[in-house]
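Please look over the sequence and the fold below before reading on. The notes that follow are grouped by topic.

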Amino acid sequence: ISLEQNKDYPNMEFVIVDYNSKDDLQQYILGPEIKPYVESGRVKLISTKTPQFYSMSKSRNLGFKNSSGEIVLNSDADNYLGLNFADYINKMACLQRQKAVFCKSKRLFHGKIGFYRSEWENLLQGYDEKIENYGGEDQDLLYRAMALGFKLMWWGGQENFNERIKTPRNLITQNFQEKSWKTSEHLNKQ
């Protein structure tokens with residue numbers, strides 16, 4: 001859906017991270033629906049089989065490091081970007097040419113937060129991989145960015161930019177070492 005909704009934006013790349021998933025993600029990506037996007041370079045599939053458990057911070061770093069765009073933005077699998085989302089982010093980037101955090105708001109990311117790639121890598125040094133399991137990684141990155149003087153560029157209530165699939169919490173944590181999302185969030189706040 002996000003591919004189709006942003007097909008008119010020429011320089012958008014989707015990096016899909018298969019982080020040792022147990023489903024048929026690779027077959028789906030290489031199937032008839034997505035394969036043309038892979039062949040055109042619009043979709044890049046990155047796979048790793050080494051981790052036993054899922055790490056949000058490590059998987060996001062893997063995706064961002066394997067991207068080629070000037071702006072990197074995380075979008076969880078249960079999120080939609082919305083019609084013309086990439087064009088809107090580009091317009092916000094024109095208003096803030098450096099030290100920008102692209103997100104919905106200070107509190108509710110819903111798996112979508114972005115930065116200029118060079119600043120994410122050089123100033124923020126990526127996601128903190130010591131944060132394990134579920135929750136806290138986006139907030140940590142935002143707080144570090146704000147401490148360095150980044151400006152929040154939020155899309156707030158823009159139509160269709162905040163839609164997501166309501167994923168049951170037990171499915172979110174099924175590949176985590178710590179199965180309780182509440183325990184994970186508590187551990188990451190310590």
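The model is predicted: local features need pLDDT of at least 70, side-chain atom pairs count only at pLDDT 80 or more, and totals for chains, interfaces and linings use all residues. Residues are numbered from 1 along each chain as its sequence is written, and side-chain values use heavy atoms, with hydrogens and water left out.

**The chain as a whole**

- The protein chain has nine helices and six strands; helices (H or I, at least four residues) and strands (E, at least two) are DSSP runs, numbered from the N terminus.
- Of its 190 residues, 39% count as buried. Buried means under 20% relative accessible area, exposed means over 50%, and partly exposed lies in between (1.4 Å probe, protein chains only).
- Carbon and sulfur atoms hold 50% of the accessible surface of the protein chain, which comes to about 11000 Å². Such areas come from the Shrake-Rupley method with a 1.4 Å probe, and for residues only the protein chains shown count as cover.
- Contact means heavy atoms within 4.5 Å. Among contacts between residues at least 6 apart in sequence, 72% join residues at least 24 apart.

**Helix H5**

- In helix H5 (residues 85–95), the buried residues are Phe85, Ala86, Ile89, Met92 and Ala93.
- These residues are on the same side of H5, because they cover an arc of only 120 degrees around the axis. The arc is that of the directions from the helix axis to the C-beta atoms.
- An α-helix has 3.6 residues a turn, so residues three or four places apart point the same way.
- The cover over the buried residues of H5 includes strands E3 (71–75), E4 (100–103), E5 (112–116) and E6 (151–154).

**Salt bridges**

- The structure holds 10 salt bridges, a salt bridge being a side-chain nitrogen of Lys or Arg within 4 Å of a carboxyl oxygen of Asp or Glu.
- One of them joins the side chains of Glu13 and Lys44 (3.6 Å, N to O). Glu13 lies in the loop between helix H1 (2–5) and strand E1 (14–19) and Lys44 in strand E2 (residues 43–48), so this pair ties together parts that are 31 residues apart in sequence. Glu13 is partly exposed at 23% relative accessibility, and Lys44 is partly exposed at 29%.
- Lys35 and Glu39 form a salt bridge whose closest N and O atoms are 4.0 Å apart. The two residues are four residues apart in helix H3 (residues 35–40), so about one helical turn separates them. Lys35 counts as partly exposed at 37% relative accessibility, whereas Glu39 counts as exposed at 60%.
- Arg60 forms a salt bridge with Asp138, again with the closest N and O atoms 4.0 Å apart. Arg60 lies in helix H4 (residues 56–65) and Asp138 in helix H7 (residues 137–147), so the pair ties together parts that are 78 residues apart in sequence. Both Arg60 and Asp138 are buried. Salt bridges that share partners join Arg60, Asp76, Glu137 and Asp138 into one network.

**Leu123**

- Leu123 lies in the loop between helix H6 (117–122) and H7, and counts as partly exposed at 43% relative accessibility.
- Leaving aside residues up to four places away in sequence, Leu123 touches Lys99, Ser118, Leu148 and Phe150.
- From C-alpha to C-alpha, Leu123 and Lys99 are 9.3 Å apart in space, and they are 24 residues apart in sequence.
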